[in-house]
Amino acid sequence: MDKYESSVNDVKDCRVALTTRVWCLPEEHCTLKGKMLSPNDKKLEKLDPFYRPSLSKQKTSAEIISEARNALRTVRTQRPFTPREDQRKLFGPASSRTPENRPPSSFSVHASSFEFSDSRPISGTRLSPLEFKPKAPASPDTVEDFCLSFPKPPVDPAKIRRISSARARLFRAASQGALLPARTLLPTQSKRVVSEETVMTRDSVVKINGIYLTESKATGNLKSHPLQLTYDGDVSKITEQEMFKGATSLPFHLRSGGDQGKRRPRASSSSRSPDQSRLDIRAGSKADLQEKNTEIEVDEVFWNTRIVPILHDLEKEENIEMVCAACTQLHHALEEGNMLGNKFKRRSVLLKTLYKLVDVGSDLLSLKLAKIILALKVSGKNLLNVCKLIFKISRSEKNDSLIRNDSILESLLEVLRSEDLQANTEALLYCMGTIKFISGNPEFLHEMIGKGAVEILMNLIKQVNENTKKSGTCLPNSGHLLVQVTATLRNLVDSPLARSKLLSISALPQLCTVMEQHIGDKDVCTNIARIFSKLTSYHDCCVALASYSRCYALFLNLINKYQKKQDLVVRIVFILGNLTAKNNQAREQFSREKGSIPTLLSLFHTFYKLDLHSGKRCGEGDERPKAPRPAQAEDVLIKLTRVLANLAIHPGVGPAIAAHSHIVGLLLATLESKSIDDCEELVINTTATINNLSYYKVKNSIIQDRKLYIAELLLKLLVSNNMDGILEAVRVFGNLSQDHDICDFIVQKNVHKFMIALLDAKHQDICFSACGVLLNLTVDRDKRVILKEGGGIKKLVDCLRDFGPTDWQLACLVCKTLWNFSENITNASSCFGDEAANTLLALLSSFLDEELALNGSFDQDLKNYHKLHWETEFRPVAQQLLNRIKNHHTFLEPLPIPSF
């Protein structure tokens with residue numbers, strides 16, 4: 001009689017030959033549950049009999065299909081749910097910090113909260129006062145004439161802009177310690193007219209709006225000008241010639257409209273004597289000095305003509321909208337005059353005016369004030385108070401639109417980027433609190449990421465890590481700040497662009513370092529666990545974290561430290577499930593960590609008891625337990641069984657778990673005590689874990705020892721209305737049915753009838769698994785007859801017809817079952833039935849025609865996939881079956897019975 005195994009080169013050590021159980025193909029062509037492997041899969045199968053490790057490149061559609069069929073079961077689950085907080089606070093209701101050990105979220109900020117003598121020191125060294133004294137003008141009458149002349153109107157702002165660019169050089173000089181000293185002229189050296197200032201020069205004096213502009217050789221410096229909020233706007237415009245009347249020797253860049261690029265080239269020093277060179281240096285110093293004096297004078301003009309009128313409006317205006325408009329105008333004017341920053345002479349006067357307006361109490365006005373104050377680079381207590389002011393406003397979601405319209409975000413990010421971390425930790429805390437609030441609004445995400453928020457926040461984290469490493473301990477308030485930073489990142493990682501940025505700057509190891517350094521801060525660890533929960537849901541991020549080998553020991557330490565803290569533990573276990581789902585190396589690395597399996601067992605036992613206790617209390621009608629609730633404990637078990645199922649895929653870990661009596665005992669206890677109607681995901685995950693463990697046929701396997709008990713537990717899943725639960729149960733029977741005792745159990749309990757009925761499910765995976773069980777049953781000659789019960793042969797042929805052209809693996813499995821069934825065939829019609837035999841002849845002949853069989857409307861990738869399985873799996877079996885049917889089939893019409 002024909003033997004199927006002869007068609008596959010008589011492989012001697014077949015685990016699944018015709019006379020053994022499971023599939024009738026050599027071992028290299030099959031695994032349990034009907035997973036048929038192509039030759040390309042053989043090498044991989046030796047390392048991982050269940051799951052193809054994920055590739056760094058994007059998977060093709062063929063790989064996705066193959067992976068779904070090849071895997072025994074890698075379990076999916078939902079990410080732990082994080083409820084939205086009702087109120088915006090620095091620390092939510094679930095925080096581990098007590099109210100007395102955390103900064104407040106509610107406070108008042110008034111004008112009196114600010115220090116009016118804000119005096120941020122200017123970097124650089126001040127020069128000593130010049131030795132020479134200012135020289136009175138040659139003709140006093142000339143000066144007197146100027147003093148008695150009519151006041152001139154303000155200078156045209158457009159014309160002032162031409163010369164205001166010279167201020168940039170003043171700031172550069174200030175940063176190098178080259179600021180002019182503050183000189184006070186003697187009473188005899190200055191003359192005051194109409195409460196305005198006079199500057200004496202050697203050659204000439206120019207007066208504009210009561211302010212004397214001098215030529216660039218001025219030897220005096222302006223006195224400090226008191227804030228004048230009285231401004232006579234009823235003046236006429238003057239011309240540029242009037243402005244510089246008498247200034248016949250002004251610097252060239254002022255006379256030419258501020259063109260600083262046209263400079264007279266300096267003669268070669270080699271052609272000059274040493275004395276001449278010293279004179280040149282002295283002349284250059286004088287030129288720099290007179291340039292700076294001129295720039296200061298330009299500031300005075302700009303202040304009086306552009307800033308003072310706005311301050312006057314702010315002082316007298318009572319309409320909030322008009323005051324807000326004036327603040328916007330003020331910010332633009334300061335920016336135009338290059339007066340923002342901390343080096344502006346009138347800065348303290350300006351800040352006093354702004355601080356007083358804080359008491360108005362308008363959120364819109366306060367935001368505009370805060371934006372100007374931050375632009376003026378306040379420090380210390382004032383920086384803290386302005387950050388608190390913005391924080392207070394941002395606590396109300398209705399103000400999000402105000403924050404967005406005023407572009408305050410850029411100012412806040414600048415604070416994080418530029419301010420010293422150790423000196424301004426509390427100010428940065430409230431600044432980060434505001435950013436955390438608005439990051440929860442999806443409308444801000446794109447803007448925040450576009451303005452560099454991800455890089456700024458990670459740089460802040462890096463600074464904290466470095467400071468902690470240097471000091472050997474966590475700095476005060478750094479934990480509070482990290483809570484805000486990590487909560488913000490948790491919101492940002494919803495964006496694909498943010499995730500890409502985090503990967504590009506290697507942010508994941510930095511976040512792990514934060515957890516290591518602040519392992520005692522549950523709030524920080526929980527936030528980072530939430531970040532990783534989101535990130536590891538994406539393949540590239542999951543690969544990046546899995547490659548950081550220190551993360552596994554870190555996660556185990558967190559589980560051991562916070563074993564009963566459900567909100568943290570459930571996320572750590574979810575992360576481990578993601579890491580081990582598609583990465584065989586991750587499974588191995590985790591299992592090699594000291595205490596990995598005992599830690600999971602301890603966690604399983606803890607939450608199994610909590611869940612069991614909570615269920616009993618609820619069943620008795622008692623009130624719900626305070627912590628953890630049944631759903632919370634159950635969620636940990638769901639994620640934990642997923643990790644166990646994934647670990648069981650590794651050939652070096654799976655047998656150890658299958659032989660672990662305590663783990664298997666808890667899995668079976670869970671399956672026994674839970675109903676799929678009440679705990680669907682937990683029951684399915686537990687069954688999938690048992691399915692993976694049932695693959696290993698080792699001597700000390702607890703699964704094999706208790707296989708009949710497991711089969712009894714699976715019966716309630718088979719009769720449920722849950723198709724996912726039914727599929728998992730059938731998969732387990734597919735592995736267990738290799739055993740003779742289980743085959744007897746299946747027949748005794750009429751499970752085979754259920755398997756035949758499932759062939760009508762029109763669901764490929766269910767048909768595939770059910771057909772696998774039937775194939776194992778047909779290995780025993782005395783059980784082959786069961787295929788005729790319930791129309792089994794016809795349903796197998798229908799599966800071949802319906803799914804063959806799109807699933808050659810399933811078609812191959814049907815052919816194997818029919819091959820086993822027809823081993824003792826004498827006549828095809830009597831074996832299969834006339835209709836089934838004729839249908840098989842037509843189908844097999846058609847399917848073995850390569851041109852017809854592979855003429856589906858698939859993309860090239862899928863075509864190659866189907867061709868591979870058609871050639872290596874389906875065709876060899878189908879050809880043998882077709883030949884057998886032809887050899888035992890007659891095409892003669894029966895003769896009619898003669899009548900007598």
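Of the 900 residues in this protein, 54% are buried, where buried means under 20% relative accessible area, exposed means over 50%, and partly exposed lies in between, with a 1.4 Å probe and protein chains only. This is a predicted model, so local features need pLDDT of at least 70 and side-chain atom pairs count only at pLDDT 80 or more, while totals for chains, interfaces and linings use all residues. Residues are numbered from 1 along each chain as its sequence is written, and side-chain values use heavy atoms, with hydrogens and water left out.

First, the overall make-up. The protein has 42 helices and 2 strands. Helices (H or I, at least four residues) and strands (E, at least two) are DSSP runs, numbered from the N terminus. Of the contacts with a separation of 6 or more, 75% are between residues 24 or more positions apart; contact means heavy atoms within 4.5 Å.

Now the core. The largest nonpolar core holds 222 residues. By nonpolar core I mean a set of buried Ala, Val, Leu, Ile, Met, Phe, Trp, Tyr and Cys residues joined through side-chain atoms within 4.5 Å. F532, F555, F832 and F874 touch the most other members. The helix that gives the most to this core is α38, residues 808–821, with 10 residues. As background, nonpolar side chains in soluble globular proteins tend to be buried together.

What does F832 touch, leaving out residues up to four places away in sequence? The list is I793, L818, F821, S822, I825, A837, L840 and I885.

Helix α23, residues 550–561, and helix α24, residues 566–581, have axes that come within 10 Å and cross at roughly 150 degrees. Axes here are lines fitted to C-alpha atoms, for helices over the stretch in contact, and angles run from 0 to 180 degrees between N-to-C directions. Therefore α23 and α24 are roughly antiparallel to each other. For the cut-offs, under 35 degrees counts as roughly parallel, over 145 as roughly antiparallel, 65 to 115 as roughly perpendicular, and the rest as oblique. The crossing of α23 and α24 is left-handed, meaning that the near helix is turned anticlockwise from the far one by less than a right angle; clockwise would be right-handed.

On the α23 side the residues are C551, Y552, F555, L558 and I559, and they meet I572, V573, I575, L576 and L579 of α24. By class, that contact has 10 nonpolar residues, no polar and no charged. The classes put Ala, Val, Leu, Ile, Met, Phe, Trp, Tyr, Cys and Pro as nonpolar, Asp, Glu, Lys and Arg as charged, and the others, Gly among them, as polar.

Next pair: α10 and α11. They pack at about 155 degrees with axes 10 Å apart, and are therefore roughly antiparallel to each other. Their crossing is left-handed. L351, L354 and Y355 in α10 meet L369, I372 and I373 in α11. This contact has 6 nonpolar residues, no polar and no charged.

I372 has another entry. H332, in helix α9, is 40 residues from I372 in sequence and 9.6 Å from I372 in space, C-alpha to C-alpha. H332 counts as partly exposed, at 47% relative accessibility.

The third pair has another make-up. Helix α17, residues 453–471, packs on helix α20, residues 507–517, at an angle of about 45 degrees, with the axes 10 Å apart. α17 and α20 are therefore oblique to each other, and the crossing is left-handed. From α17 the contact uses M458, I461, K462, V464, N465, T468 and K469, and from α20 it uses A507, Q510, L511, T513, V514 and Q517. Here the division is 6 nonpolar, 5 polar and 2 charged.

Which residues of α14 are buried? They are I408, L409, S411, L412, L413, V415 and L416. These pack against α11, α12, α13, α15, α16 and α17.

Last, some single residues. T686 sits in helix α30, residues 680–693, and counts as buried at 0% relative accessibility. Beyond four places in sequence, T686 touches T641, L667, T670 and L671.

Most residues other than glycine have a negative phi. N338 has a positive phi of about 60 degrees, in the loop between α9 and α10, and is partly exposed at 32% relative accessible area. K762 also has a positive phi of about 60 degrees. K762 lies in the loop between α35 and α36 and is exposed, at 52%.
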